[in-house]
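Work through the exercises below with the structure open. Each task is followed by a worked solution.

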Amino acid sequence: MAEIPDSLRLLYETTLEKHGDQYTISIPEEIVDGSSLTPGDVYRVALLASTNGVQEETSSAQSASTGDRHQSRNQNGAPPVEEGEVRSVTIDTLGDQGDGIAKVERGFVVVVPGTQPGDTADVEITDVRESVAFAEPVTEPEVR
């Protein structure tokens, strides 16, 4: 399973853009609003390579007319999953450590080890953090 430190404040996908002689990574306002991030504070940024298909998802999410697709928490500020909850998910991509990555409501990320892109499985949420959850398959993953 991918090691994600407790200090992780935000996990989402975006595009690296070139502006003149600099490169930028934009964080949409709706992701920062209601989060523990504070504009003006200094944060450490890590860039992880993505697989094909993620670029398309990111582009369509960024062009969505509502900000709700970017926000990974529900209206009261809590993540949209709870520990012990069982859900059916489809794995979208692989994380840096080779774990499957699924997205649920509003793009909230669920990390599922032992799965591959295209797999669908019922999973039990085992650990929930502010912007990511971890789960274990409770059924054998099926390939679409």
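**Exercise 1. The chain as a whole**

What does the accessible surface of the protein chain come to, and what percentage belongs to carbon and sulfur atoms?

Solution. The model is predicted: local features need pLDDT of at least 70, side-chain atom pairs count only at pLDDT 80 or more, and totals for chains, interfaces and linings use all residues. Residues are numbered from 1 along each chain as its sequence is written, and side-chain values use heavy atoms, with hydrogens and water left out.

Step 1. The accessible surface is about 9,000 Å². Carbon and sulfur atoms hold 46% of it. Areas come from the Shrake-Rupley method with a 1.4 Å probe, and for residues only the protein chains shown count as cover.

Step 2. Buried residues make up 28% of the 144 residues. Buried means under 20% relative accessible area, exposed means over 50%, and partly exposed lies in between (1.4 Å probe, protein chains only).

Step 3. Count the elements: 2 helices and 8 strands. Their order from the N terminus is β-β-α-α-β-β-β-β-β-β. Helices (H or I, at least four residues) and strands (E, at least two) are DSSP runs, numbered from the N terminus.

Step 4. Take the contacts with a separation of 6 or more: 53% of them join residues 24 or more positions apart. A contact means heavy atoms within 4.5 Å.

**Exercise 2. The hairpin**

Describe how strand 1 and strand 2 are joined.

Solution. Step 1. Strand 1 covers residues 16–19 and strand 2 covers residues 22–25. They run antiparallel, with 4 bridges between them. Two strands pair if DSSP finds at least two bridges between them.

Step 1. Assign partners. H19 is bridged to Q22 in strand 2. K18 stands opposite Y23.

Step 2. Inspect the turn. The hairpin has 2 residues between the strands. There, G20 takes a positive phi near 65 degrees.

**Exercise 3. A nonpolar patch**

Which residues form a nonpolar patch on the surface?

Solution. Step 1. The members are L16, Y23, I25, V45 and L47. Together they have about 550 Å² of accessible area. Patch residues have over 30% relative accessible area and no salt bridge; like charges are joined within 9 Å, nonpolar side chains (Val, Leu, Ile, Met, Phe, Trp, Tyr) within 5 Å.

Step 1. V45 counts as exposed because its relative accessibility is 64%.

**Exercise 4. Salt bridges**

How many salt bridges does the structure hold?

Solution. Step 1. The count is 3. A salt bridge is a side-chain nitrogen of Lys or Arg within 4 Å of a carboxyl oxygen of Asp or Glu.

Step 1. E85 to R87 has its closest N and O atoms 2.7 Å apart. For R87 to E105 the corresponding value is 2.9 Å. That pair links distant parts of the chain, 18 residues apart: R87 is in strand 3 (residues 86–94), while E105 is in the loop between strand 4 (100–103) and strand 5 (109–112).

Step 2. Classify the members. R87 is at 16% relative accessibility, so R87 counts as buried. E85, at 24%, is partly exposed. E105, at 32%, is partly exposed.

Step 3. R129 and D127 form a salt bridge at 3.3 Å, N to O. R129 is partly exposed at 23%, and D127 is partly exposed at 25%.
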